[in-house]
Amino acid sequence: DINELPAASGATCFCWSPKGKQIAVGSKDGKITQYKPDLKAVKVISEPKLQEPHMLISLQWVSNYQFIGVYQSAQSAGSCVIVVDAPKTGEISYTNYDDICYSGSSRPHQFYMVFQSNW
C-alpha cells in the first residue's frame, strides 16, 4: 500500500520511531503528530509556548515519549532546539536549549540530527 498525508497536514519534517513502526511528522504550526504505517494519526503533541509562532524544521524521535525538534521562527531568522517529553499520561514538558548553532549566514537553515544512544 502507498499512503500519503494530505496537504492540509502542513508537514515540514518527519522521523521514524526508534523501532521503525511509526512515523512522527512536524508541521508548520509546530505540532508533532504520530502516525501508524497506514498514516492514521495516533497522537498529536501541541506546539511549545514561544514568544512568536514557530514551525518544526527538523525532528528526531529519541525514545517512546521523547523528541528533539528544531523550531524556526516564522517572523525572524532565529531557531531553537527543544526537547519534548510527552509521557503517555501527564503533562508534556518542553526544554528549550535556544539557538545552539550560530545562525548568522543568509543561507536557509538546515539541520540533520542523529541520536546515538548509550551502549
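Tutor: We can begin with the whole chain and then turn to single residues.

Tutor: This is a predicted model, in which local features need pLDDT of at least 70 and side-chain atom pairs count only at pLDDT 80 or more, while totals for chains, interfaces and linings use all residues. Residues are numbered from 1 along each chain as its sequence is written, and side-chain values use heavy atoms, with hydrogens and water left out.

Student: OK, how many helices and strands does the protein have?

Tutor: The protein has zero helices and eight strands, where helices (H or I, at least four residues) and strands (E, at least two) are DSSP runs numbered from the N terminus.

Student: And what share of the residues is buried?

Tutor: Of the 119 residues, 33% count as buried; that word means under 20% relative accessible area, with exposed meaning over 50% and partly exposed in between (1.4 Å probe, protein chains only).

Student: Let's pick His54, where is that?

Tutor: His54 lies in strand β5, which covers residues 54–63, and His54 counts as buried because its relative accessibility is 14%.

Student: What does His54 touch, leaving out residues up to four places away?

Tutor: Its contacts, meaning heavy atoms within 4.5 Å, include Lys28, Asp29, Tyr71 and Cys80. A polar atom of the His54 side chain also lies 2.8 Å from the backbone oxygen of Glu52.

Student: Switching to Tyr94, which strand is that in, and how accessible is Tyr94?

Tutor: Tyr94 is in strand β8 (residues 93–96), and Tyr94 counts as partly exposed because its relative accessibility is 28%.

Student: Which backbone oxygen lies 2.6 Å from a polar atom of the Tyr94 side chain?

Tutor: That oxygen belongs to Ser46, and Ser46 is also among the residues in contact with Tyr94, together with Ile45, Pro48 and Val83. The C-alpha atoms of Tyr94 and Lys49 are 8.7 Å apart, although 45 residues separate the two along the chain.

Student: Last one, Gln22: where does that sit, and is it buried or exposed?

Tutor: Gln22 is in the loop between β1 (11–16) and β2 (23–27), and Gln22 is buried, with a relative accessible area of 16%.

Student: Which side chain does the Gln22 side chain make a polar contact with?

Tutor: The partner is the side chain of Gln34, at 3.1 Å; a polar contact is a pair of N or O atoms within 3.5 Å, and within protein one must be able to donate a hydrogen and the other to accept it, while residues adjacent in sequence count only if both atoms are side-chain atoms.
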